[in-house]
Amino acid sequence: MTTRLNTTISLTEPADVLAAVPHMLGFHPMHSLVVLTLHDLAGTPQFGVTLRTDLPCRMRVCGFGEHLLAGPLGRQQAEAVVLVVVGEKPSGDACRDVCDGSCQDPPTLSTVDGCDTGPPHADLIDVVSDAFHRAGIVTAHALWVPEIRAGAEWVCYADPECSGAMADPHGSAMAAAMAAAGVVTFGSREELRTLVGPESAETVARWSAKLDLLTEELMEGYDPGKVARDVRTVFAAIERTGSGAALTEDDLLRVLLAVADTRVRDIVLGTALGDTARAAEELWLTLVRKAPDPELAEVAALLAFSAYLRGDGALAGVVLDRIERAQPDHRLGLLLRQTIDAGIPPTELAVIARDAADDARIMLEEDGAW
């Protein structure tokens, strides 16, 4: 994911980079390999995309670098990367060499009694760095830390003398900049899942019953002006949300039904591009937490789109997880997942939103419904 800020943060020391990782991701990673891309090395080096993946199981280390390059990293044209491993040291049998002969050149680790004496997962760093090197990407730095918290001891893979103890990530310059921008850094990915999860089984059941009644009421007779009114209903709700005015449950139900129409949804995709983006995203999140599965997908896609467009790939990812569980073949959800997996930047996605909104308006005008 990428995070857009209106200020520049200088990260010059390994400890600074480690403290910034949770804020770049949107949550504190655990048992993870984090890849930070670097660009413009000849001028002022800048971080680009931050990618997190689970540490691979021991039999899948070989070829893991090629696996990463086949995903979002392949589109980034990175000149260099910083690799960060977050995870406790393994013990016992887990200390044994990883590759079982399937690598052409298995990494050689310095060991005592068969157990690596340096930072853990050195084999992973060797394999990934080698794959990146063949792709023309330099590994500028590789760091290990058991977890990103105040006082945690970190160490560099290339130099055991390069080590130290972390300061509090919550007190870093990056944390201050994120807080000023109104960006929340979560304690874990699980906290993100809870944020976008159902509010309660009782709420979802109540909404399901009310939506059935409201749908029957709204389906009585053909109404050529319904789509235009639905669009106005949604924009009015966004405006009220932005002003801090409360919406009734009936208001929210009508918005949920309105965006369930893909023509309305495509028009309001454009809210992620303007001054109402924050208010719209707040409304989408409220609806996602209350919506039953049949009505979830469209408003969840709006939330995922808005989150990704402002640089919060972590939030977009967990929202897409919900769509995939509720409606695996949802077209916009699939498109957004492919977009994130391909590493397409938010600026390119913004063009898609404008085109979708324009196409939806033209279609409604031709049908006489606008």
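**View 1. The largest pocket lies between domain 1 and domain 2 of this predicted model**. Domain 1 (14-186) and domain 2 (192-367) both give residues to the lining of the largest pocket, so the pocket sits between them. The bounds of the two domains come from an automatic or database domain assignment. For this model, local features need pLDDT of at least 70 and side-chain atom pairs count only at pLDDT 80 or more, while totals for chains, interfaces and linings use all residues. Residues are numbered from 1 along each chain as its sequence is written, and side-chain values use heavy atoms, with hydrogens and water left out.

**View 2. The lining of the largest pocket holds 36 residues**. Leu51, Arg52, Pro72, Ile340 and Asp341 lie nearest the pocket centre. The elements that supply two or more lining residues are β2 (46-54), α2 (64-69), α5 (189-196), α12 (313-326) and α13 (331-342). Strand β2 gives the largest share, six residues. Helices (H or I, at least four residues) and strands (E, at least two) are DSSP runs, numbered from the N terminus. By residue class, the lining divides into 16 nonpolar, twelve polar and eight charged. Here Ala, Val, Leu, Ile, Met, Phe, Trp, Tyr, Cys and Pro count as nonpolar, Asp, Glu, Lys and Arg as charged, and the others, Gly among them, as polar. The volume of the largest pocket is about 890 Å³. Grid points are joined across faces, edges and corners, and the volume is the space filled by probe spheres set on the points.

**View 3. Glu199 pairs with Thr203 and Lys290 through its side chain**. Glu199 lies in the loop between α5 and α6 (201-218). With a relative accessible area of 36%, Glu199 is partly exposed (buried means under 20% relative accessible area, exposed over 50%, partly exposed in between, with a 1.4 Å probe and protein chains only). Its side chain makes a polar contact of 3.0 Å with that of Lys290 and another of 3.3 Å with that of Thr203. A polar contact is a pair of N or O atoms within 3.5 Å; within protein, one must be able to donate a hydrogen and the other to accept it, and residues adjacent in sequence count only if both atoms are side-chain atoms. Leaving aside neighbours within four places in sequence, Glu199 is in contact (heavy atoms within 4.5 Å) with Arg289 and Lys290.

**View 4. Ser129 is buried in helix α3**. Helix α3 spans residues 122-134, and Ser129 has a relative accessible area of 18%. The Ser129 side chain reaches the backbone oxygen of Ile125 at 2.8 Å. Not counting residues up to four places away in sequence, Ser129 touches Leu83 and Thr139.

**View 5. Glu295 and His330 are both buried**. Glu295 belongs to helix α11 (residues 293-309) and has a relative accessible area of 18%. Beyond four places in sequence, Glu295 touches Leu211 and Leu256. The C-alpha atoms of Glu295 and Gln327, 32 residues apart along the chain, are separated by 10.0 Å. His330 lies in the loop between α12 and α13, with a relative accessible area of 3%. Setting aside its neighbours within four places in sequence, His330 is in contact with Arg265, Ala297, Glu298, Ala301 and Ile323.

**View 6. His31 and Asp40 have positive phi values**. His31, in the loop between α1 (14-25) and β1 (32-39), has a phi near 50°. His31 is partly exposed at 47% relative accessibility. Asp40 lies in the loop between β1 and β2, and its phi is about 60° although it is not a glycine. At 37% relative accessibility, Asp40 also counts as partly exposed.

Technical notes. On a 1 Å grid over the protein atoms alone, a cavity is a set of points where a 1.4 Å probe fits but cannot get out, and a pocket is an open set with protein on both sides within 12 Å along at least five of seven lines; lining residues have an atom within 4 Å of a point.
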